[in-house]
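Open the model in your viewer and keep the sequence panel beside it. This tour goes stop by stop, with something to select at each one.

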Amino acid sequence: MCVDYTNLNKSYPKHAYPLPRIDQLVDSIAGNELLTFMDAYSGYNQIRMHSTDEEHTVFYTDNGVCCYKVMPFKLKNVGATYQRLVNRMFVKKLGRHVEAYMDDMIVKSLLAA
């Protein structure tokens, strides 16, 4: 199923939340002995939408009218919202033990256990 959010995306302002710079993230893992790469594929589908925004994601099916309760794919600000959440979750670890770019994360350690 594909829902077209073109008109909805046009009506909402773009969040000005910056994404990390890939070159800095890659440079920050140099010298670490252990690296674990993780992909939180579609992690934004775990983030609940504000109840007042659910009505803006209405779509029609053979079974009736439905709406998303979690952030759907292709909304304009999904990336910024997800990056903000990841940064808040790992605020004490980012740059030290964890690097995160959207749903791609690296856990790093200078010394092998």
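**Stop 1: the largest pocket**

Start with the largest pocket, which holds about 380 Å³ of space. Its lining has 17 residues. Select Met 49, Asp 53, Met 71, Leu 75 and Asn 77, the lining residues closest to the pocket centre. Now colour helix 1 (6-11) and helix 3 (78-89), the elements that give two or more residues to this lining. What is the lining made of, by nonpolar, polar and charged residues? It divides into 7 nonpolar, 7 polar and 3 charged. Keep in mind as you go that this is a predicted model.

**Stop 2: the annotated stretch**

Next, select residues 2-108. The UniProt record, an unreviewed entry, annotates residues 2-108 as "domain: Reverse transcriptase". Switch to a cartoon view. Over this stretch the chain is 23% helix and 20% strand.

**Stop 3: a residue in helix 3**

Go back to helix 3 and select Val 78, which lies in that helix. Is Val 78 buried or exposed? Val 78 is buried, with a relative accessible area of 7%. Val 78 and Met 38 are 40 residues apart along the chain, and their C-alpha atoms are separated by 19 Å.

**Stop 4: an aromatic pair**

Show the side chains of Phe 59 and Tyr 68. The count of aromatic pairs comes to 1. Phe 59 and Tyr 68 form that pair, with 5.3 Å from centre to centre. Phe 59 is buried, at 12% relative accessible area. Tyr 68 is partly exposed, at 24%.

**Stop 5: the salt bridges**

Side chains of opposite charge can pair when their charged atoms come close. How many salt bridges does a search of the whole structure find? The search finds 4.

- Select Arg 21 and Asp 23. They form a salt bridge, with the closest N and O atoms 2.7 Å apart. Arg 21 counts as partly exposed, at 47% relative accessibility. Asp 23 also counts as partly exposed, at 39%.
- Select Glu 99 and Lys 108. Their side chains meet in a salt bridge at 2.6 Å, N to O. Glu 99 is buried, and so is Lys 108.
- Select Lys 69 and Glu 54. Their closest N and O atoms are 3.4 Å apart in a salt bridge.

**Stop 6: a link between two loops**

Stay with Lys 69 and Glu 54. Why does this pair tie together parts that are 15 residues apart in sequence? Lys 69 sits in the loop between strand 3 (64-66) and helix 3, while Glu 54 sits in the loop between strand 1 (34-39) and strand 2 (59-61), so the pair ties those parts together. Lys 69 counts as partly exposed, at 44% relative accessibility. Glu 54 is buried, with a relative accessible area of 9%.

Salt bridges that share partners join Arg 48, Glu 54 and Lys 69 into one network.

Terms used. Residues numbered from 1 in each chain as written. Predicted model: local features only at pLDDT ≥ 70, side-chain atom pairs only at ≥ 80, totals over all residues. Heavy atoms only, no water. 1 Å grid on protein atoms, 1.4 Å probe; cavity = no way out; pocket = protein on both sides within 12 Å on 5 of 7 lines; lining within 4 Å. Points joined across faces, edges and corners; volume = space filled by probe spheres on them. Helix = DSSP H or I, 4+ residues; strand = E, 2+ residues; numbered from the N terminus. Nonpolar A, V, L, I, M, F, W, Y, C, P; charged D, E, K, R; others polar. UniProt positions renumbered as here; feature names shortened; annotations may be inferred. Phe/Tyr/Trp six-rings, centres within 6.5 Å; stacked < 30°, edge-to-face > 60°. Buried < 20%, exposed > 50% of the residue type's maximum accessible area, 1.4 Å probe, protein only.
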